[in-house]
Amino acid sequence: EYIATIRAEIKYYKLIRKIELRPQMKALGHIYACIANTGSKLYDKDSPEAQLVWKQYNRIREDCKVIDEIIVELESALNAYLADREKYFGQKEER
């Protein structure tokens with residue numbers, strides 16, 4: 001049960017990162033590039049709009065970093081649990 005729970009959590013965090021955060025980062029990066037396009041007459045990377053988009057982009061990027069750290073911690077906890085279990089019960093036989 002513990003193993004299944006940890007694996008489900010890992011899949012959940014990877015899904016959040018893939019389905020929600022990365023597409024948002026891509027969209028915000030595109031919007032910022034359009035606003036801060038140096039070839040445009042409307043170029044103003046210091047505009048309130050550009051700053052807001054950039055702050056959102058950075059917030060989501062930080063969220064991705066936190067999720068990456070959580071995934072690493074969960075995977076390491078799972079590996080440690082499996083290693084301890086293997087010491088105690090021996091190697092699992094192939095079927």
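**Two helices, side by side**

The crossing is left-handed, meaning that the near helix is turned anticlockwise from the far one by less than a right angle (clockwise would be right-handed).

The model is a predicted one, where local features need pLDDT of at least 70, side-chain atom pairs count only at pLDDT 80 or more, and totals for chains, interfaces and linings use all residues. Residues are numbered from 1 along each chain as its sequence is written, and side-chain values use heavy atoms, with hydrogens and water left out.

As for the overall build, the protein has 2 helices and 0 strands; both kinds are DSSP runs numbered from the N terminus (helices H or I, at least four residues; strands E, at least two). Of its 95 residues, 21% are buried, where buried means under 20% relative accessible area, exposed over 50%, and partly exposed in between (1.4 Å probe, protein chains only).

Next comes the inside. The largest nonpolar core has 18 residues, and I10 and L21 touch the most other members. Such a core is a set of buried Ala, Val, Leu, Ile, Met, Phe, Trp, Tyr and Cys residues joined through side-chain atoms within 4.5 Å. Both α1 (2-35) and α2 (48-89) supply at least two residues of this core, with the largest share, 9 residues, coming from α2. Leaving aside residues up to four places away in sequence, I10 touches I71, L74, E75 and L78.

Two other residues are worth a look. Y2 lies in helix α1 and, at 40% relative accessibility, counts as partly exposed. Y2 and L78 sit 76 residues apart in sequence, yet their C-alpha atoms are 8.8 Å apart in space. Beyond residues up to four places away in sequence, Y2 touches A77 and Y81. K45, in turn, is found in the loop between α1 and α2 and is partly exposed, with a relative accessible area of 43%. With residues up to four places away in sequence not counted, K45 touches Y32, A36, A50 and Q51. K45 and Y32 are 13 residues apart in sequence and 8.3 Å apart from C-alpha to C-alpha.

Finally, the cysteines. C34 is partly exposed at 45% relative accessible area, whereas C64 is buried at 9%. Counting a disulfide as a pair of cysteine sulfur atoms within 2.5 Å, the total comes to 0 disulfides.

Methods
Contact = heavy atoms within 4.5 Å.
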